[in-house]
Amino acid sequence: HASLALATTEAVTTAKLREAQLHQAIDSRDVIGQAKGILMGRRNISAEEAFDILRTSSQNLNVRLREIAKVVAAQPQILD
């Protein structure tokens, strides 16, 4: 009984972790999309060019891409 309870607990924990990671990935994708849209609108550039700007900024600043995107989405005037 104990091994069954332990296996069930482990399976539930793993499922909850995967669910949390999936939600985080979706949230990251959304905020990156918002930042791309802001860049596209303000600079009249393509989606690919906007992503390249975010990616390059992320690499140059050594900050995760989603964090750069959060700043751009929260404070679009920072681009001016």
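Biologist: Leaving aside its neighbours within four places in sequence, which residues is Val31 in contact with?

Modeller: Apart from neighbours within four places in sequence, Val31 is in contact with Arg66, Ala69, Lys70 and Ala73. Contact means heavy atoms within 4.5 Å. This is a predicted model, in which local features need pLDDT of at least 70 and side-chain atom pairs count only at pLDDT 80 or more, while totals for chains, interfaces and linings use all residues. Residues are numbered from 1 along each chain as its sequence is written, and side-chain values use heavy atoms, with hydrogens and water left out.

Biologist: Why does Val31 count as buried?

Modeller: Buried means under 20% relative accessible area, exposed means over 50%, and partly exposed lies in between (1.4 Å probe, protein chains only). Val31 has 12% relative accessibility and therefore counts as buried. Val31 is found in helix 1; helices (H or I, at least four residues) and strands (E, at least two) are DSSP runs, numbered from the N terminus.

Biologist: What makes Thr8 partly exposed?

Modeller: Thr8, which also belongs to a helix, lies in helix 1. The relative accessible area of Thr8 is 42%, so Thr8 is partly exposed.

Biologist: How are two packed helices described?

Modeller: Two packed helices are described by the angle between their axes and the distance between the axes. Axes are lines fitted to C-alpha atoms, for helices over the stretch in contact, and angles run from 0 to 180 degrees between N-to-C directions.

Biologist: Why are helix 1 and helix 2 called roughly perpendicular?

Modeller: Angles under 35 degrees count as roughly parallel, over 145 as roughly antiparallel, 65 to 115 as roughly perpendicular and the rest as oblique. The axes of helix 1 (residues 2-43) and helix 2 (residues 47-61) cross at roughly 115° and come within 9 Å. Helix 1 and helix 2 are therefore roughly perpendicular to each other.

Biologist: Which residues make the contact of helix 1 with helix 2?

Modeller: Helix 1 contributes Ile32, Ala35, Lys36, Leu39, Met40 and Arg43, and helix 2 contributes Ala47, Ala50, Phe51, Ile53 and Leu54. These residues divide into 9 nonpolar, no polar and 2 charged. Ala, Val, Leu, Ile, Met, Phe, Trp, Tyr, Cys and Pro count as nonpolar, Asp, Glu, Lys and Arg as charged, and the others, Gly among them, as polar.

Biologist: What makes Phe51 partly exposed?

Modeller: Phe51, in helix 2, has a relative accessible area of 32% and is therefore partly exposed. Leaving aside neighbours within four places in sequence, Phe51 is in contact with Ile32, Lys36 and Leu65. The C-alpha atoms of Phe51 and Lys36 are separated by 6.1 Å, and the two residues are 15 residues apart along the chain.

Biologist: Why is helix 1 called oblique to helix 3?

Modeller: Helix 1 and helix 3 pack with their axes 8 Å apart, at an angle of about 50°. That angle makes helix 1 oblique to helix 3. The contact joins Gln24, Ser28, Val31, Ile32, Gln34, Ala35 and Ile38 of helix 1 to Leu65, Arg66, Ala69, Lys70, Val72 and Ala73 of helix 3. By kind, the residues of this contact are 8 nonpolar, 3 polar and 2 charged.

Biologist: How do you know that the buried residues of helix 3 are on the same side?

Modeller: In helix 3 (residues 65-74), the residues Leu65, Ile68, Ala69 and Val72 are buried. They cover an arc of only 100° around the axis, which puts them on the same side of helix 3; the arc is that of the directions from the helix axis to the C-beta atoms. These buried residues pack against helix 1 and helix 2.

Biologist: What makes Asn44 and Asn62 exposed?

Modeller: Asn44 has 71% relative accessibility and so counts as exposed. Asn62, with a relative accessible area of 73%, is therefore exposed. Asn44 is found in the loop between helix 1 and helix 2, and Asn62 lies in the loop between helix 2 and helix 3. Asn44 has a positive phi of about 55° although it is not a glycine.
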